[in-house]
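Biologist: Before we discuss details, could you put the sequence and the model on the screen, so that we can go through the questions one by one?

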Amino acid sequence: MEKTAKRIRNEREKRIMDAIQLKIPDRVPVICAMGYFPAKYTGIPCSAAYYDFDAWYAAYKKTLQDFQPDLIYQQGFTPGKALEILNPKQMRWPGYGVDPYQGHQSIEIDNMKADEYDLYMSDPSDYMFRVFMSRTSENLEGLFLLPKLSDLGGGPMGIQALASAFSEPKLDKAIRTLQKAGREMKKWRTRTAKFNKMILDMGFPQYLQGAAMPPFDVISHSLRGMSGTMIDMFRQPDKLLEVCEFILKKTLERPMPDPNENGHIRMFMTNTRGSDDFLSKKQFDTFYWPTFKKLVLALIERGATPCIFFEGNFTSRLEYLLDFPKGKMLARFDTTDIFKAKEVLKDHICIEGNIPSSLLQVGTVQETKDYCKKLIDVVGKGGGYILSPRSSTDEVNPANLKAMIEFTQEYGVYR
(Lines give C-alpha, C1' and ligand atoms only; values in the text may rest on other atoms or scores of the structure.)
Protein backbone atom coordinates (compact mmCIF):
# COMPACT_ATOMS: atom_id res chain seq x y z
CA MET A 1 0.00 0.00 0.00
CA GLU A 2 2.92 2.33 0.74
CA LYS A 3 4.28 1.82 -2.77
CA THR A 4 0.85 2.49 -4.21
CA ALA A 5 0.45 5.67 -2.15
CA LYS A 6 3.88 6.88 -3.19
CA ARG A 7 3.16 6.18 -6.84
CA ILE A 8 -0.07 8.16 -6.62
CA ARG A 9 1.71 11.02 -4.83
CA ASN A 10 4.36 11.09 -7.55
CA GLU A 11 1.73 11.18 -10.30
CA ARG A 12 -0.12 14.02 -8.63
CA GLU A 13 3.07 15.90 -7.86
CA LYS A 14 4.20 15.67 -11.47
CA ARG A 15 0.80 16.81 -12.73
CA ILE A 16 0.88 19.88 -10.46
CA MET A 17 4.48 20.86 -11.18
CA ASP A 18 4.10 20.31 -14.93
CA ALA A 19 1.17 22.73 -14.93
CA ILE A 20 3.08 25.30 -12.87
CA GLN A 21 6.08 25.02 -15.19
CA LEU A 22 3.78 25.53 -18.21
CA LYS A 23 4.23 22.02 -19.51
CA ILE A 24 1.20 19.98 -20.61
CA PRO A 25 0.29 17.26 -18.07
CA ASP A 26 -2.15 14.45 -18.74
CA ARG A 27 -5.06 16.60 -17.53
CA VAL A 28 -5.97 19.76 -15.65
CA PRO A 29 -4.98 19.36 -11.99
CA VAL A 30 -7.42 20.07 -9.15
CA ILE A 31 -6.40 21.66 -5.85
CA CYS A 32 -8.96 21.88 -3.08
CA ALA A 33 -8.76 23.55 0.31
CA MET A 34 -10.67 21.13 2.53
CA GLY A 35 -10.65 23.30 5.66
CA TYR A 36 -13.61 22.44 7.90
CA PHE A 37 -15.58 20.80 5.08
CA PRO A 38 -15.02 17.28 6.50
CA ALA A 39 -17.01 18.31 9.57
CA LYS A 40 -20.03 19.28 7.46
CA TYR A 41 -19.64 16.21 5.26
CA THR A 42 -19.48 13.69 8.11
CA GLY A 43 -21.89 15.45 10.47
CA ILE A 44 -19.53 16.40 13.29
CA PRO A 45 -18.84 19.86 14.75
CA CYS A 46 -15.88 21.91 13.53
CA SER A 47 -14.73 22.01 17.13
CA ALA A 48 -13.52 18.42 16.69
CA ALA A 49 -10.47 19.95 14.97
CA TYR A 50 -9.52 21.25 18.43
CA TYR A 51 -11.07 18.89 20.95
CA ASP A 52 -11.67 15.44 19.44
CA PHE A 53 -8.69 14.08 17.51
CA ASP A 54 -10.21 10.69 16.74
CA ALA A 55 -13.34 12.23 15.27
CA TRP A 56 -11.33 14.74 13.22
CA TYR A 57 -8.96 12.03 11.96
CA ALA A 58 -11.88 9.80 10.95
CA ALA A 59 -13.72 12.70 9.28
CA TYR A 60 -10.72 13.62 7.15
CA LYS A 61 -10.01 10.02 6.25
CA LYS A 62 -13.61 9.47 5.13
CA THR A 63 -13.67 12.75 3.20
CA LEU A 64 -10.40 12.06 1.38
CA GLN A 65 -11.57 8.58 0.46
CA ASP A 66 -14.63 10.11 -1.20
CA PHE A 67 -13.06 13.26 -2.67
CA GLN A 68 -9.88 12.87 -4.70
CA PRO A 69 -8.33 16.16 -5.85
CA ASP A 70 -4.62 16.24 -6.66
CA LEU A 71 -3.64 18.42 -3.71
CA ILE A 72 -5.45 19.44 -0.56
CA TYR A 73 -4.99 22.25 1.91
CA GLN A 74 -6.05 20.67 5.17
CA GLN A 75 -7.21 21.96 8.52
CA GLY A 76 -5.03 19.88 10.80
CA PHE A 77 -5.66 19.15 14.45
CA THR A 78 -4.74 21.86 16.99
CA PRO A 79 -5.15 21.15 20.72
CA GLY A 80 -7.89 23.51 21.88
CA LYS A 81 -6.93 23.13 25.54
CA ALA A 82 -3.47 24.55 24.81
CA LEU A 83 -5.05 27.48 23.01
CA GLU A 84 -7.40 28.05 25.93
CA ILE A 85 -4.42 28.22 28.28
CA LEU A 86 -2.70 30.78 26.04
CA ASN A 87 -5.98 32.61 25.27
CA PRO A 88 -4.60 34.64 22.34
CA LYS A 89 -6.39 37.90 21.61
CA GLN A 90 -5.98 37.44 17.84
CA MET A 91 -8.03 34.26 17.48
CA ARG A 92 -11.29 32.56 18.39
CA TRP A 93 -12.03 29.02 17.31
CA PRO A 94 -14.94 26.56 17.18
CA GLY A 95 -16.07 25.79 20.70
CA TYR A 96 -14.24 28.77 22.19
CA GLY A 97 -15.73 32.13 21.24
CA VAL A 98 -17.17 30.70 18.01
CA ASP A 99 -20.10 28.37 17.46
CA PRO A 100 -18.85 24.74 17.46
CA TYR A 101 -20.23 24.30 13.93
CA GLN A 102 -18.44 27.34 12.45
CA GLY A 103 -14.82 27.93 11.44
CA HIS A 104 -12.25 29.93 13.36
CA GLN A 105 -11.97 33.72 13.32
CA SER A 106 -8.84 35.88 13.10
CA ILE A 107 -8.85 39.20 14.96
CA GLU A 108 -6.52 42.04 14.01
CA ILE A 109 -5.00 43.92 16.94
CA ASP A 110 -2.40 46.71 16.78
CA ASN A 111 0.03 45.14 19.25
CA MET A 112 2.80 47.36 17.88
CA LYS A 113 2.45 51.08 18.57
CA ALA A 114 3.19 53.82 16.05
CA ASP A 115 6.40 54.94 17.77
CA GLU A 116 7.91 51.44 18.17
CA TYR A 117 9.33 50.76 14.70
CA ASP A 118 12.86 51.75 15.72
CA LEU A 119 12.58 49.72 18.92
CA TYR A 120 11.56 46.72 16.84
CA MET A 121 14.33 47.12 14.26
CA SER A 122 17.06 47.71 16.88
CA ASP A 123 16.47 44.30 18.49
CA PRO A 124 13.59 42.34 16.90
CA SER A 125 14.01 39.24 19.08
CA ASP A 126 13.86 41.26 22.28
CA TYR A 127 10.94 43.34 21.04
CA MET A 128 8.87 40.38 19.88
CA PHE A 129 9.45 38.35 23.05
CA ARG A 130 9.20 40.99 25.76
CA VAL A 131 6.98 43.66 24.25
CA PHE A 132 4.87 42.20 21.46
CA MET A 133 4.14 38.79 23.00
CA SER A 134 3.21 40.39 26.31
CA ARG A 135 0.34 42.09 24.47
CA THR A 136 -0.98 39.01 22.69
CA SER A 137 -2.63 37.54 25.79
CA GLU A 138 -3.56 38.72 29.26
CA ASN A 139 -1.88 35.57 30.57
CA LEU A 140 1.46 36.65 29.04
CA GLU A 141 1.53 40.28 30.17
CA GLY A 142 4.31 39.50 32.64
CA LEU A 143 6.83 38.91 29.84
CA PHE A 144 7.28 42.67 29.71
CA LEU A 145 8.87 42.51 33.18
CA LEU A 146 11.86 40.62 31.81
CA PRO A 147 15.00 42.76 31.52
CA LYS A 148 16.36 43.25 28.03
CA LEU A 149 18.51 40.14 27.71
CA SER A 150 21.12 41.78 25.50
CA ASP A 151 21.77 44.32 28.27
CA LEU A 152 22.51 41.73 30.94
CA GLY A 153 26.12 41.59 32.02
CA GLY A 154 28.13 38.42 31.97
CA GLY A 155 28.79 38.37 35.69
CA PRO A 156 26.69 37.67 38.77
CA MET A 157 24.83 40.99 38.48
CA GLY A 158 23.16 39.89 35.27
CA ILE A 159 22.08 36.62 36.81
CA GLN A 160 20.67 38.43 39.81
CA ALA A 161 18.72 40.84 37.63
CA LEU A 162 17.20 37.94 35.75
CA ALA A 163 16.38 36.07 38.97
CA SER A 164 14.77 39.18 40.43
CA ALA A 165 12.51 39.54 37.40
CA PHE A 166 11.42 35.91 37.63
CA SER A 167 10.27 36.50 41.19
CA GLU A 168 7.54 38.85 39.96
CA PRO A 169 4.08 37.18 40.13
CA LYS A 170 3.01 38.36 36.65
CA LEU A 171 6.16 37.02 35.01
CA ASP A 172 5.85 33.80 36.96
CA LYS A 173 2.29 33.47 35.62
CA ALA A 174 3.46 34.07 32.03
CA ILE A 175 6.19 31.43 32.28
CA ARG A 176 3.83 28.92 33.88
CA THR A 177 1.27 29.62 31.16
CA LEU A 178 3.79 28.86 28.42
CA GLN A 179 4.97 25.71 30.20
CA LYS A 180 1.43 24.44 30.74
CA ALA A 181 0.41 25.10 27.15
CA GLY A 182 3.65 23.59 25.88
CA ARG A 183 3.12 20.39 27.84
CA GLU A 184 -0.40 20.14 26.42
CA MET A 185 0.91 20.62 22.88
CA LYS A 186 3.62 18.03 23.45
CA LYS A 187 0.98 15.42 24.23
CA TRP A 188 -0.41 15.76 20.73
CA ARG A 189 2.81 15.55 18.72
CA THR A 190 2.47 11.86 17.91
CA ARG A 191 -1.18 12.30 16.93
CA THR A 192 -0.36 15.29 14.74
CA ALA A 193 2.30 13.18 13.04
CA LYS A 194 -0.28 10.41 12.62
CA PHE A 195 -2.69 12.84 10.96
CA ASN A 196 -0.05 14.11 8.53
CA LYS A 197 1.04 10.55 7.72
CA MET A 198 -2.56 9.63 6.93
CA ILE A 199 -2.65 12.39 4.29
CA LEU A 200 0.49 10.99 2.64
CA ASP A 201 -0.66 7.38 2.93
CA MET A 202 -3.81 8.29 1.03
CA GLY A 203 -1.72 9.50 -1.90
CA PHE A 204 -1.77 13.26 -1.38
CA PRO A 205 1.57 15.04 -1.78
CA GLN A 206 2.69 17.53 0.83
CA TYR A 207 1.25 20.77 -0.52
CA LEU A 208 3.65 23.30 0.99
CA GLN A 209 7.11 23.12 2.46
CA GLY A 210 7.20 26.62 3.93
CA ALA A 211 5.77 30.12 3.89
CA ALA A 212 6.98 33.69 3.43
CA MET A 213 4.69 36.71 3.66
CA PRO A 214 4.97 40.07 1.84
CA PRO A 215 6.53 42.59 4.26
CA PHE A 216 3.62 45.03 4.00
CA ASP A 217 1.22 42.21 4.92
CA VAL A 218 3.38 41.21 7.90
CA ILE A 219 3.01 44.74 9.23
CA SER A 220 -0.64 45.29 8.38
CA HIS A 221 -1.80 41.82 9.49
CA SER A 222 0.36 40.91 12.44
CA LEU A 223 2.14 43.96 13.84
CA ARG A 224 0.32 47.26 13.41
CA GLY A 225 -2.99 45.99 12.07
CA MET A 226 -4.69 47.47 9.04
CA SER A 227 -5.84 50.72 10.65
CA GLY A 228 -2.45 51.45 12.20
CA THR A 229 -0.62 50.71 8.97
CA MET A 230 -2.95 52.87 6.91
CA ILE A 231 -2.38 55.79 9.29
CA ASP A 232 1.39 55.26 9.06
CA MET A 233 1.19 55.51 5.26
CA PHE A 234 0.31 59.17 5.73
CA ARG A 235 1.98 60.13 9.01
CA GLN A 236 5.33 58.32 8.67
CA PRO A 237 5.65 56.85 5.18
CA ASP A 238 9.46 56.77 5.17
CA LYS A 239 9.54 54.80 8.41
CA LEU A 240 6.98 52.34 7.05
CA LEU A 241 9.11 51.79 3.95
CA GLU A 242 12.18 51.30 6.12
CA VAL A 243 10.42 48.61 8.15
CA CYS A 244 9.22 46.84 4.99
CA GLU A 245 12.83 46.59 3.81
CA PHE A 246 13.90 45.43 7.28
CA ILE A 247 11.31 42.64 7.35
CA LEU A 248 12.31 41.58 3.83
CA LYS A 249 15.94 41.29 4.95
CA LYS A 250 15.01 39.24 8.02
CA THR A 251 12.74 36.98 5.97
CA LEU A 252 15.48 36.22 3.47
CA GLU A 253 17.96 35.50 6.25
CA ARG A 254 15.91 32.47 7.28
CA PRO A 255 17.10 29.15 5.85
CA MET A 256 15.06 27.55 3.13
CA PRO A 257 12.91 24.57 4.16
CA ASP A 258 13.83 21.08 3.07
CA PRO A 259 12.39 19.97 -0.29
CA ASN A 260 9.63 17.39 -0.45
CA GLU A 261 10.20 13.79 -1.52
CA ASN A 262 10.20 14.88 -5.17
CA GLY A 263 12.76 17.62 -4.66
CA HIS A 264 10.38 20.59 -4.82
CA ILE A 265 9.98 23.51 -2.41
CA ARG A 266 6.57 25.14 -2.63
CA MET A 267 6.32 28.31 -0.57
CA PHE A 268 2.92 29.61 0.48
CA MET A 269 2.27 33.33 0.33
CA THR A 270 -0.79 35.56 0.41
CA ASN A 271 -1.15 38.90 -1.31
CA THR A 272 -3.90 40.48 0.75
CA ARG A 273 -3.37 44.20 1.17
CA GLY A 274 -2.09 44.31 -2.41
CA SER A 275 -5.68 43.92 -3.57
CA ASP A 276 -7.41 46.68 -5.53
CA ASP A 277 -9.75 46.90 -2.54
CA PHE A 278 -7.08 48.15 -0.13
CA LEU A 279 -4.47 50.24 -1.91
CA SER A 280 -4.54 52.73 -4.78
CA LYS A 281 -2.10 52.15 -7.62
CA LYS A 282 0.21 54.85 -6.26
CA GLN A 283 0.12 53.33 -2.78
CA PHE A 284 0.68 49.84 -4.20
CA ASP A 285 3.66 51.05 -6.24
CA THR A 286 5.15 52.81 -3.22
CA PHE A 287 4.50 50.57 -0.23
CA TYR A 288 3.67 47.08 -1.47
CA TRP A 289 5.18 46.11 -4.79
CA PRO A 290 8.91 46.86 -4.23
CA THR A 291 9.47 44.44 -1.32
CA PHE A 292 6.89 41.94 -2.56
CA LYS A 293 8.68 41.72 -5.91
CA LYS A 294 12.09 41.35 -4.26
CA LEU A 295 10.77 38.57 -2.01
CA VAL A 296 9.24 36.54 -4.84
CA LEU A 297 12.32 36.91 -7.05
CA ALA A 298 14.63 35.91 -4.20
CA LEU A 299 12.60 32.77 -3.44
CA ILE A 300 12.62 31.76 -7.09
CA GLU A 301 16.37 32.38 -7.27
CA ARG A 302 16.80 30.01 -4.32
CA GLY A 303 14.92 27.23 -6.09
CA ALA A 304 11.50 27.63 -4.51
CA THR A 305 8.13 27.80 -6.23
CA PRO A 306 6.05 30.62 -4.72
CA CYS A 307 2.36 29.62 -4.52
CA ILE A 308 0.63 32.94 -4.03
CA PHE A 309 -3.02 33.41 -3.09
CA PHE A 310 -4.09 36.80 -4.42
CA GLU A 311 -6.95 37.46 -2.03
CA GLY A 312 -9.55 39.98 -3.09
CA ASN A 313 -9.30 41.60 -6.51
CA PHE A 314 -5.98 41.87 -8.36
CA THR A 315 -7.44 42.52 -11.81
CA SER A 316 -5.96 45.99 -12.37
CA ARG A 317 -2.45 44.80 -11.42
CA LEU A 318 -2.10 41.59 -13.41
CA GLU A 319 0.56 43.10 -15.70
CA TYR A 320 2.91 43.43 -12.71
CA LEU A 321 3.21 39.65 -12.56
CA LEU A 322 4.91 39.63 -15.97
CA ASP A 323 8.00 40.89 -14.14
CA PHE A 324 8.46 37.41 -12.66
CA PRO A 325 10.27 34.61 -14.53
CA LYS A 326 8.21 32.44 -16.82
CA GLY A 327 6.84 29.19 -15.35
CA LYS A 328 8.30 29.69 -11.89
CA MET A 329 5.28 30.45 -9.69
CA LEU A 330 1.61 29.69 -9.14
CA ALA A 331 -0.97 32.51 -8.95
CA ARG A 332 -4.23 31.57 -7.26
CA PHE A 333 -6.98 34.14 -7.76
CA ASP A 334 -9.97 34.98 -5.59
CA THR A 335 -12.34 37.62 -7.04
CA THR A 336 -9.88 38.64 -9.77
CA ASP A 337 -11.32 38.36 -13.29
CA ILE A 338 -9.68 35.04 -14.12
CA PHE A 339 -10.51 35.35 -17.81
CA LYS A 340 -8.67 38.67 -17.92
CA ALA A 341 -5.85 36.98 -16.04
CA LYS A 342 -5.60 34.39 -18.80
CA GLU A 343 -5.37 37.11 -21.45
CA VAL A 344 -2.56 38.85 -19.59
CA LEU A 345 -0.60 35.94 -18.13
CA LYS A 346 -0.97 33.19 -20.73
CA ASP A 347 2.27 31.45 -21.62
CA HIS A 348 3.96 33.14 -18.64
CA ILE A 349 2.43 32.20 -15.26
CA CYS A 350 0.26 29.28 -14.21
CA ILE A 351 -3.17 30.39 -12.99
CA GLU A 352 -5.22 28.69 -10.27
CA GLY A 353 -8.90 29.23 -9.50
CA ASN A 354 -11.59 30.22 -9.17
CA ILE A 355 -14.92 28.40 -8.77
CA PRO A 356 -17.10 30.73 -6.65
CA SER A 357 -17.79 29.39 -3.17
CA SER A 358 -21.35 30.69 -3.55
CA LEU A 359 -21.85 28.46 -6.61
CA LEU A 360 -20.50 25.43 -4.76
CA GLN A 361 -22.74 26.20 -1.82
CA VAL A 362 -26.12 26.98 -3.40
CA GLY A 363 -25.78 26.16 -7.11
CA THR A 364 -26.78 22.94 -8.82
CA VAL A 365 -24.51 20.12 -9.90
CA GLN A 366 -25.09 21.03 -13.56
CA GLU A 367 -24.28 24.70 -12.93
CA THR A 368 -21.07 23.61 -11.24
CA LYS A 369 -20.10 21.42 -14.19
CA ASP A 370 -20.93 24.18 -16.66
CA TYR A 371 -18.71 26.66 -14.82
CA CYS A 372 -15.86 24.15 -14.63
CA LYS A 373 -16.19 23.51 -18.36
CA LYS A 374 -15.98 27.23 -19.11
CA LEU A 375 -12.85 27.60 -16.99
CA ILE A 376 -11.19 24.57 -18.54
CA ASP A 377 -12.08 25.61 -22.10
CA VAL A 378 -11.04 29.25 -21.73
CA VAL A 379 -8.51 29.56 -18.92
CA GLY A 380 -7.07 26.10 -19.51
CA LYS A 381 -6.52 26.64 -23.23
CA GLY A 382 -2.92 25.89 -24.08
CA GLY A 383 -1.93 24.91 -20.52
CA GLY A 384 -0.89 26.80 -17.43
CA TYR A 385 -4.09 26.27 -15.47
CA ILE A 386 -5.09 24.51 -12.24
CA LEU A 387 -8.74 24.38 -11.20
CA SER A 388 -9.71 25.13 -7.59
CA PRO A 389 -12.42 26.82 -5.53
CA ARG A 390 -12.21 30.59 -5.13
CA SER A 391 -11.89 30.48 -1.34
CA SER A 392 -13.45 28.56 1.58
CA THR A 393 -15.17 25.21 1.09
CA ASP A 394 -16.42 25.00 4.69
CA GLU A 395 -20.11 25.32 3.79
CA VAL A 396 -20.25 23.96 0.24
CA ASN A 397 -22.68 21.33 -1.00
CA PRO A 398 -20.83 17.99 -1.04
CA ALA A 399 -22.49 17.02 -4.33
CA ASN A 400 -21.17 20.18 -5.99
CA LEU A 401 -17.65 19.70 -4.65
CA LYS A 402 -17.61 16.12 -5.89
CA ALA A 403 -18.91 17.27 -9.27
CA MET A 404 -16.19 19.92 -9.49
CA ILE A 405 -13.45 17.36 -8.86
CA GLU A 406 -14.78 14.47 -10.92
CA PHE A 407 -15.88 16.56 -13.90
CA THR A 408 -12.44 18.14 -14.11
CA GLN A 409 -10.78 14.73 -13.95
CA GLU A 410 -13.02 13.42 -16.73
CA TYR A 411 -13.24 16.44 -19.02
CA GLY A 412 -10.18 18.47 -18.08
CA VAL A 413 -7.64 18.07 -20.85
CA TYR A 414 -5.79 21.09 -22.23
CA ARG A 415 -7.14 22.12 -25.62
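Biologist: In which sense do strand β3 and strand β5 run, and how many bridges join them?

Modeller: This is a predicted model, and in it β3 covers residues 91-94 while β5 covers residues 105-106. Methionine 91 stands opposite serine 106 in β5. The two strands run antiparallel, and the number of bridges that join them is 2.

Biologist: Which residue of β4 is the bridge partner of proline 94?

Modeller: β3 also pairs with strand β4, residues 97-98, in the parallel sense and over 2 bridges. Within β4, the bridge partner of proline 94 is valine 98.

Biologist: How is helix α4 oriented relative to helix α10, roughly parallel or roughly antiparallel?

Modeller: Helix α4, residues 53-66, packs with helix α10, residues 189-201, at an angle of about 5 degrees, and their axes are 11 Å apart. Because angles under 35 degrees count as roughly parallel, α4 is to α10 roughly parallel.

Biologist: How many nonpolar residues does the contact of α4 with α10 have?

Modeller: On the α4 side the contact includes Phe53, Trp56 and Tyr60, and on the α10 side it includes Phe195, Met198 and Ile199. Lys61 of α4 and Arg191 and Lys194 of α10 also take part. By class, the contact has 3 charged residues, 1 polar and, as the count you asked for, 8 nonpolar.

Biologist: Which elements each supply at least two residues of the lining of the second largest pocket?

Modeller: This pocket holds about 290 Å³ of space, and among its lining residues are Ile72, Tyr73, Asn196, Ile199 and Phe204. The lining divides into 8 nonpolar, 3 polar and no charged residues. The elements that each supply at least two of the lining residues are β2 (71-74) and α10.

Notes
Residues are numbered from 1 along each chain as its sequence is written. This is a predicted model: local features need pLDDT of at least 70, side-chain atom pairs count only at pLDDT 80 or more; totals for chains, interfaces and linings use all residues. Side-chain values use heavy atoms; hydrogens and water are left out. Axes are lines fitted to C-alpha atoms, for helices over the stretch in contact, and angles run from 0 to 180 degrees between N-to-C directions. Helices (H or I, at least four residues) and strands (E, at least two) are DSSP runs, numbered from the N terminus. Angles under 35 degrees count as roughly parallel, over 145 as roughly antiparallel, 65 to 115 as roughly perpendicular and the rest as oblique. Contact means heavy atoms within 4.5 Å. Ala, Val, Leu, Ile, Met, Phe, Trp, Tyr, Cys and Pro count as nonpolar, Asp, Glu, Lys and Arg as charged, and the others, Gly among them, as polar. On a 1 Å grid over the protein atoms alone, a cavity is a set of points where a 1.4 Å probe fits but cannot get out, and a pocket is an open set with protein on both sides within 12 Å along at least five of seven lines; lining residues have an atom within 4 Å of a point. Grid points are joined across faces, edges and corners, and a volume is the space filled by probe spheres set on the points. Two strands pair if DSSP finds at least two bridges between them.
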